Each structure stands twice: as C-alpha cells, then as structure tokens.
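The tour goes from one selection to the next and says what is found at each stop.

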Amino acid sequence: MTNTQTRSSTRNGGNMAILVACLVFVCGMVGAAYASVPLYRLFCQVTGYNGTTQRVEQYSETILDQTIRVTFDANTSSGLNWEFKPVNRSIEPKIGETVQISYTATNRSPQPVTGMAVFNVTPMEAGAYFNKVECFCFTETTLKPGETLDMPVVFFVDPEIAKAEETRNIRNITLSYTFYPSQGANPVAGLNDGKAGDSAKKL
C-alpha cells in the first residue's frame, strides 16, 4: 500500500470515528431530553423543590398544639372554560392535624372537557412538609357541559416544619392549583417555575 493510500485510509477511519461520536452524542441528548421531565418530577416530589407537595398514604400520628394558616388559590388556563374556586379561602388547622377541604369546578362549555390540575405550595420551603393523602390533582377530571363537581383535598402539614430552621417561622402557607386542558400528562407546578398564574385566569 502506498503512502497516499495509507493516508486516505487513516483519514476515512478518522471521519467515521467522528461521525459515530456525533451520532452517539445526538442520541444521548435526545434520551436526556425525554428523561429530564420524569426525573425532574421525581426530584420535586421527593424533595419538595419549587413548592411541590408530598403524596402520602397515611395520616399524621403527631399533632402539635400550634396552628398554621393555609390559604387556597384557584386558577384556570385560557384554554379551559371552567369556573374553578375553593369552597373556603383559608383554614387554620393544627400542625400535624389531618383535614379535608374542597374546591369546586363547573364546566361552562357546551361539550365535555377533561382537565388536569397543576399544583404548588408557597413559600416553596414548605412544599416538603405539605402532605396530601387524597387530591383531585392525582387524576384527570372530566366534566359534562354545565356540570359542577366538588373536589376534596385531604392533607396535613408535617410537624417537622416547626423544627427545621428554614421553615419554623412560617405562619402562612398557600396551596395553589391551576387547571389545564388535559393532554394525557400529569404535570406538577415545578415544571412551570411557579409561573402558572402568569398565563392563567385567576378566579
């Protein structure tokens, strides 16, 4: 083999290696993009990051002789013709006490509509201590034309909130929901960077 042929073969081999590396990089980036959303959701749910609440299956066994004010907020996106609001604007349960509150939603459109609720808690530091046992936000909600539905939320504020240095001085928590037309996904408020209200119609 001549020197020219050797150099050509080496050059072709180098080009092939670069092409393979580029393909691997692109595939890796696509995979990371698809994985980032569920991983982000899991991270938020475990840590309470960005005001994401916790989902639990059992009630609190410890109740402190200390209350905390919980305020309820309701919003709908511009693409959802629903009236959505809390039954009570606020309550003051004891920390650790399991309570049930309700929101109501009315479909004002002439056809059945399915919605999904995005949620968060402010201040964001309280998200890790806000535990939901039951919530309409765990599943999609379908309303017939003109139908009104009562939607309960069962929750408690973890007593540990009164011990942690970054949360022990919190006296008021706001639980906020924004309903969007369902697209078969189960979003959390953290994915909207806490800006759901910027593009939603507050009720």
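## A charge over a ring

Select K132 and F119: K132 lies over the face of F119, at 3.8 Å from the ring centre. Keep in mind from the start that this is a predicted model.

## The whole chain

Now zoom out and colour by confidence. The mean pLDDT of the protein is 77, and 62% of the residues reach 70 or more. Select residues 29-51, where pLDDT stays under 50. For this stretch the model has 35 contacts beyond four places in sequence. Next select residues 185-203, where pLDDT also stays under 50; here the model has 51 contacts beyond four places in sequence. Where pLDDT is low, the predicted coordinates should not be read in detail.

Switch to a cartoon view. How many helices and strands does the protein have? The secondary structure comes to one helix and 11 strands.

Of the 203 residues, 38% are buried. Among contacts between residues at least 6 apart in sequence, 78% join residues at least 24 apart.

## The aromatic rings

Hide the surface and show the side chains of F72, W82, F84, Y103, F119, F130, F136, F155, Y177 and F179. Ring pairs link these residues into a cluster. F119, from the opening stop, is one of its members. In the protein the count comes to 12 aromatic pairs.

Select V113, which is found in strand β6 (residues 113-122). V113 counts as buried because its relative accessible area is 18%, and the cut-off for buried is under 20%. Beyond four places in sequence, V113 is in contact with L80, W82, N107, T141, T142 and L143. Draw a distance between the C-alpha atoms of V113 and W82: they are 9.0 Å apart in space and 31 residues apart in sequence.

Move on to T141, one of the contacts of V113. T141 is found in strand β8 (residues 141-143), and T141 is buried, with a relative accessible area of 5%. Which residues beyond four places in sequence does T141 contact? They are W82, V113, T114, G115, F136, L149, M151 and F179. Three of the names in that list, W82, F136 and F179, also belong to the ring cluster.

## The salt bridges

Show the charged side chains. The count comes to four salt bridges, and three stops follow.

Select D65 and K94. They form a salt bridge, the closest N and O atoms being 4.0 Å apart. D65 lies in the loop between β1 (54-55) and β2 (69-77), and K94 in the loop between β4 (90-91) and β5 (99-107), so the pair ties together parts that are 29 residues apart in sequence. D65 is exposed, with a relative accessible area of 75%, whereas K94 is partly exposed at 37%.

Next select E92 and R69, whose side chains meet in a salt bridge (3.3 Å, N to O). This pair also links distant parts of the chain: E92 is in the loop between β4 and β5, R69 is in strand β2, and they are 23 residues apart. R69 is partly exposed, with a relative accessible area of 36%.

Last, select K163 and E160. Their side chains meet in a salt bridge (3.4 Å, N to O). K163 is exposed, with a relative accessible area of 60%, and E160 counts as partly exposed at 38% relative accessibility.

Conventions: Residues numbered from 1 in each chain as written. Predicted model: local features only at pLDDT ≥ 70, side-chain atom pairs only at ≥ 80, totals over all residues. Heavy atoms only, no water. pLDDT = per-residue confidence, 0-100. Contact = heavy atoms within 4.5 Å. Helix = DSSP H or I, 4+ residues; strand = E, 2+ residues; numbered from the N terminus. Buried < 20%, exposed > 50% of the residue type's maximum accessible area, 1.4 Å probe, protein only. Phe/Tyr/Trp six-rings, centres within 6.5 Å; stacked < 30°, edge-to-face > 60°. Lys NZ or Arg CZ within 6 Å of the ring centre and 35° of its normal.
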